[in-house]
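Keep the model open beside you as you read.

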Amino acid sequence: MARIATIDKKEDLAPEHQPIYDAIAQSRGVVGGPWLALLHSPELARRTAHLGSYVRFESGLERKLIELTALVAARELECKHEWAAHVVHGQHAGIPMETIRAVYQKQGAESFSSQDAQIVSFVREMLQTHRVTEPTYQAIYGRLGEQGIVELAATVGYYAMLACTLNTFDVFTATPPEDLKI
C-alpha cells in the first residue's frame, strides 16, 4: 500500500490542475505509477511528464536501448513498479526474455551481447559508483556519439528519479511475471 494518498483520478486535483492529469493520460494512455504521487505537486508532475515524453518517445536513442536502460536502472534501484512496467515495454521493444532474465538475475556483462553489455555496464556504473569508467565511456561514445551519450546519461537519471519517487512512497501498480518479481 502506498505511503501517500494517490491521485487516482483527475477529480482528485483542483480544477486548474486537471489539464495536467489529462495531458499525462493522453501521452501515456494511463495515469499510474509515479504520477500517482508526483501529481501532489502538479507542476513537478507536468515538467517530469514533459521530460519523460522526450526520453521515452522522442529521443534519438532506439526504443530497445531505452527499454534496456530502464530495466537495468529499475533492477539496480530495486524499483518494483518500473521493473514490472518495463518488462512488458522491453518485450514489446524486442528485448529477448533471456536478456530480461539476465538483468533480473544481475548477471555479469559477459552474459549479454556486446552491445547490450555496453548499456548494462554504463547504467550499473552510473548507479553503483556514480561514475562511468573510461572503457565504458569510450565504447558508448563510439557507438552513440555526443548527443547519444548525453541522452543515455539523462535517461538513466530520469529512471533513477522515478525510482526514487516510487520507492519513497511505495507506489506499485504494475505486475511483473511471477518469476521476475523484485
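## Helix packing and cores

Helix α5 (residues 80-92) packs against helix α6 (residues 97-104) at an angle of about 155°, and their axes are 10 Å apart. Angles over 145 degrees count as roughly antiparallel and those under 35 degrees as roughly parallel, so α5 is roughly antiparallel to α6. The crossing of these two helices, α5 and α6, is right-handed. W83, V87, G90 and Q91 of α5 meet M97, I100, V103 and Y104 of α6, where contact means heavy atoms within 4.5 Å.

This is a predicted model, in which local features need pLDDT of at least 70, side-chain atom pairs count only at pLDDT 80 or more, and totals for chains, interfaces and linings use all residues. Residues are numbered from 1 along each chain as its sequence is written, and side-chain values use heavy atoms, with hydrogens and water left out.

Helix α6 also packs with α4, and that crossing is right-handed. Because their axes cross at roughly 25°, α4 is roughly parallel to α6. L68, L71, V72 and R75 of α4 touch T99, I100, V103 and Y104 of α6.

| Helix pair | Angle | Axis distance |
|---|---|---|
| α5 and α6 | about 155° | 10 Å apart |
| α4 and α6 | roughly 25° | within 9 Å |

Now for the cores: buried (under 20% relative accessible area, 1.4 Å probe, protein chains only) Ala, Val, Leu, Ile, Met, Phe, Trp, Tyr and Cys residues joined through side-chain atoms within 4.5 Å. The largest has 43 residues, of which I24, W35, L39, W83 and Y159 touch the most other members. A second, separate core of 6 residues includes L36, A37, C79 and V171.

Terms used:
Axes are lines fitted to C-alpha atoms, for helices over the stretch in contact, and angles run from 0 to 180 degrees between N-to-C directions. Helices (H or I, at least four residues) and strands (E, at least two) are DSSP runs, numbered from the N terminus. Angles under 35 degrees count as roughly parallel, over 145 as roughly antiparallel, 65 to 115 as roughly perpendicular and the rest as oblique. A crossing is left-handed if the near helix is turned anticlockwise from the far one by less than a right angle, and right-handed if clockwise. Buried means under 20% relative accessible area, exposed over 50%, partly exposed in between (1.4 Å probe, protein chains only).
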